[in-house]
Amino acid sequence: MQTQSDVKVFGFWVYLMTDLILFCVLFATYIVLCNNTFSGPSARQLFSMQEALTETLLLLVSSFTCSLGMLAVYRKRKVPALLWFLITFCLGVAFLVVELTEFSHFLAAGAGWTRSAFLSAFFTLVGTHGLHISVGLIWMLVALVHIGLRPFTAPSISRIFRMALFWHFLDLVWVFIFTVVYGMGHLQ
Amino acid sequence: MHHHPVALRIIGFLSSLLLTLAAYLIIVDPDAFGLKIPAAGAWILAFACVQFFVQSTCFIHLWNEKGPPWNLGIFISTLSILLIIIIGSLWIMNHLYCNMMPGQ
Amino acid sequence: MPSNNFFGKLTSDALPHVWYTLGGTAFMVLLGAMVALFLTKTNRWSWLWKEWLTSTDPKKIGTMYMLFAALMFFRGMLDALMLWVQQALAAGGQGYLTADHFQQIFTSHGDIMVFFVTMGFFFGLMNWIVPLQIGARDLAYPFLNSLGLWLTVAGGILINLFFVIGGEFANTGWLAITPLSEREFNPGVGVDYLIWSLQLSGLGSLLAGINFLVTIIKKRAPGMTLMRMPLFTWTSLCAMVLIISAFPVLTATTFLLWLDRFFDMHFFVTGFGGNQMMYFNLIWMWGHPEVYILVIPAFGMFSEIVSTFSQKKVAGYVSLVCAAIAITLLSYMVWLHHFFTMGAGANVNAFFGIVTMVIAIPSGVQVFNWILTMYRGRVIFASPMYWFMGFISTFIVGGMAGILLATPPVDYQVHNSLFLVAHFHTMIIGVALFGIFAGTTYWFPKIFGFTLNERLGKRAFWFWLIGFYVSFVPLYLLGMMGATRRLDHYDAATGWQPLFITSCIGFFFIASGVITQIIQLVVSIKERKKHLDKTGDPWNARGLEWSTSSPPPFYNFALIPTVTSRDAFWQMKQKHSSPKRLYKDIHMPKNTPMGIYIAGAAFVFGFAIVWQILWLSLLAALCVIALIIKLSCNEETEYVLPAAKVAKMEKLRTHADAK
C-alpha cells in the first residue's frame, strides 16, 4: 500500500522530469545557436576550463555530502544531518560565487547576453541552472531550520528527501552543462 | 549494497570524480590521447552518460523502487522525449540551415 | 533593457479610450458589479470564500473550472463573431475593423479557446469524474489542484486585462510567431500580456497534469488494474502524459521570447545570430501535443457514452487502449507538419508526413470500435448519442482533411489557407467541443442531481451541427480556392464574398445553438424537481461514478470499493452485491486559501512584469516564495471524519434517496 509520502515523492519525481524537459529545450537551443557568435567572442575564447572544473567539483562534492546528510536523516540523527547539509549549503554558495564571478568577467569583457545569440543561449542555460541552484539553497535553509527545530516524522523526512533529490538532480544537469557547454565549447 | 549505504555513496562519489577528471583531461588536451575533436566529443559525452547512471544508482537509487517501477518508467519515457527533442531539433534545424540560410 | 520609471511603462494612456476597450471594460465592470451586488444582498461573501474559493474538493474545483471556461467561451465566441462579420463585409472594402484590431482579435480568439475554454472544460470534467471513476476520494494533491485552478484563472484575467489597462493585445497570431512578436516589431505590452497569461495558465495546466497523472497511477481503488480502468480515465491519463511532456517546452520557449523582449537577448531576433526558425520548431513541438491533449479525452468520453447508450460493453477495449497510447506516442513525433513549407527539405518532410499519416490508423481503429459497439446493441438515442453521431461525421471529415494536409506536396498548396483553418476547427469543435457537450450532458445528472432537458438538448445539437457545416464547408472550399487565413479584407474580384457570407450565417446557427443551451440550462434548473436523479444511475451505465448518489457526498465514497473487473459498477449490479457497512475514519483535506493567495501573487507578478514595474514584480516574486515557505511549514493539512459521522451521513443520504 502506497503511503502519502511515497505518493508525494512520485509526484515530485514527475515534476523533476518536466524540469528535465525544460532544460533539454534550453540545451537544444544552445546547441543550435552555439556557433552564432556574430563576430563576437566564441566559447573557445571565453571559457576557462579550470573554472568549469572547479564548479563541477564543488557541486559533485556537495551532492555527496547531501547524500550523507540524507543518510543521517534516515537514521534520525540531528547533529550529523545539520552538519552535512550545512556543508552542502556552503559548497552550493561557493558554486554560485564562482559562477557569478565568471559571469561578471564575461560582462566586463563585453561578452554579455546581448552580444550574440550564442551568448544569449549560454547565459540562459547556465543562468537557469544557477537560478535552480538558488532555489535549492533557499529550500536547504528552510530544511535546516526544520531539522533543527522540529522532530523527524515520516512527512518531514519525505520533504527533506525531496529537497535532496532536487539537489542531486541539479548536479546531474550540471554534468551535462560541463560536458556540452564547456567541454565541447573548448574542444571547438 | 543496501547494507552498506555509506559505501555505495562513496563508490558513487569516487566514480563520478574519476569520470569528471577523465573528461577534463580529454577536453584540455585531446591530442595527448590521440583523439581528434569529434572523437573527443563522443568520449566526454559517453563519460557524462555513465556518470549519469552512476549518480542515479548511488545517490538517487533509481532502480531500488518498492512496488511497480513507475519512477523508472516515467524516467525512461522522459528520456525518449529528451532524445526526440534534441535529435529532432538538430536534424530539422540543420536541414533548415542548409536549405534556407544564404550562402550555404 | 527595462524601463526605469517607478510605474514602469504604465502611463494614463494605458486606460481605455477606444470603443472596444471601453466596451470591454464596461462589460467586465458591470458583470463584476452584478456578482458583488448579488453576493452582498444574499450575504454570501463568506460562503463564497469558505465553500468555494478555498475549497480543495475536486468536485467544487471542477465546477469552478467549468464556470470559468464557459465565461471565457463567451469572450471567444464574441471574437469569432467579430472576425466573421468583418470577413463577410470586407470584399474590396475595409470592413469595420482596422487591420491591427482584426489581428488582435484572431490572436486572442485562438489563445482563449485553446488554453482557457477547451482545457478549462476538460480539467473541469476530469476533476469531477476521474476520482469517481477510479474509486478515489480526491486527487493525489488537493492543494495543488486548487493552485492549478487559480493560476489558470489568473492567466485568464491577465489575457483580458488589456481592455482595462493597456488597450492593445498581441497581433501576432495565437502562437506569437517571431520575429513579429519581438520588440523590434511589437514594442507594446500586447505580446507581453500573451506571454505571461500563457506562462501562468501553462504552469496551472502542468501542475494539474502532474496531479492527475499521479492520481490515476497511484490512487486507484484496490483491484482496479490499469486494464480495468474506464476509457475516460485511460484517455485522461494519456492526455496528462502529453501535458507533462509538452508544457515544459511551452514554458521554455515563451520564456526565451520574453528574454529577447525584456533583456535584449537574441534567440529569435533578426540579427545578432538569432534564428527565428528555431522558434517555429520549439513552439510547434509543444503545439502539436497540445492539440492532441484537446482531443484525446474526448475519445474516452465518447467510448463511454457509446457503450452506455448501446447498452453493451465497448467493443475492443484493449484495442481502444492501444489506440489511445499509440496516438499519444505518435503525437510527439509529428510537429514538423506545421511548417512543411519552411524549407527543411524532402527527407525531413517525408518522415514527418509519413508519421502524421500513421496517426490516422489508431484514430480509425477507434471509429470502427465505436461503430462495432453500436452494432447489435439496443441503441438509445439520447442527446449524448446525438453529439456522438455528429462527432463521427465531423471526425471523419476533419480527419480526411488532416490526411490531405499531412501530404507535403498538398500542404504546399493549402498551408496557412482557410482549408487549414477549417480542418483544425473541425477537430476542435467537431471532436473536442462536441465531446465536452456530450460529456457534460451525460455526467450532468451526476454532478448536479438532475438531468438536462432532452428536447432542448437535441435542438441545440442540430443548431450546432448545421451551423458547424454551414460555417466550415465554405472555408474548406475557400482554402482550396486559394484564400489564405487571417485575411481582414480581400479583392471583390476573387468572388469569395458569397462563401464568407455563408460562413457568417453558419455562425448565427451556432449562436442559436449556444442560446438554446443556455435556455436548456435555465429550463432544466426550473424543472429540476421533475427530473431528479434518485438512483445515482440514470443511464444504467457501467462505471464506478454511477455507484454514488447524485450528487455524490463530499467524500465521494463512504467505503472505497474493491474492483474485480472492467466496468466495475456493471459487475456490482449484476451480482446485486450490497457492501458491508463497516465504516472507517475518513481523512479529508482541509480547505486552504494558499492556492488563491499564491496565484494572486503570481498574477501581480505577471502584471508587474508586463508593465516593467520592477519593484512590484520583485515584491510579488518574494511574496510567492514566502507563501511557499509558509506552506511548507504547515503540517496540518487534513482533518478526520470519524466513522460514526460517516455512518450517520450515509444513513441520512440513503433515507433521502428512498423517499
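Reader: Among contacts in chain A between residues at least 6 apart in sequence, what percentage join residues at least 24 apart?

Author: The share is 83% in chain A, among contacts between residues at least 6 apart in sequence, a contact being heavy atoms within 4.5 Å. The model is predicted, so local features need pLDDT of at least 70 and side-chain atom pairs count only at pLDDT 80 or more, while totals for chains, interfaces and linings use all residues. Residues are numbered from 1 along each chain as its sequence is written, chains are lettered from A and ligands numbered from 1 in the order in which they are written, and side-chain values use heavy atoms, without hydrogens and water.

Chain A holds six helices and zero strands, so that its elements read α-α-α-α-α-α from the N terminus; these are DSSP runs numbered from the N terminus, with helices (H or I) of at least four residues and strands (E) of at least two. The C-alpha trace of chain A spans about 60 × 30 × 25 Å along its principal axes. Of the 188 residues in chain A, 65% are buried, meaning under 20% relative accessible area, with exposed over 50% and partly exposed in between (1.4 Å probe, protein chains only). Carbon and sulfur atoms account for 70% of the accessible surface of chain A, which is about 6500 Å² (Shrake-Rupley method, 1.4 Å probe; for residues, only the protein chains shown count as cover).

An aromatic ring of chain A also meets a charge from chain C: C:Lys218 lies over the face of A:Phe10, 4.8 Å from the ring centre. This requires NZ of Lys or CZ of Arg within 6 Å of the ring centre and within 35 degrees of the ring normal. Within chain C, C:Arg44 lies over the face of C:Trp47, at 4.8 Å from the ring centre.

Over all chains, the whole structure has 92 aromatic pairs (ring centres of Phe, Tyr and Trp, with its six-membered ring, within 6.5 Å; planes under 30 degrees apart are stacked, over 60 edge-to-face, the rest tilted). One of them joins C:Trp19 and C:Tyr20 edge-to-face, at 5.4 Å centre to centre and 85° between the planes. C:Trp19 is exposed because its relative accessibility is 51%, whereas C:Tyr20 is buried at 18%. C:Trp387 and C:Phe434 are also edge-to-face, because their planes stand at 65°, with ring centres 5.1 Å apart. This pair links distant parts of chain C, 47 residues apart: C:Trp387 belongs to helix α11 (residues 383-406) and C:Phe434 to helix α13 (residues 418-448). C:Trp387 is buried at 2% relative accessibility, and C:Phe434 is buried at 0%.
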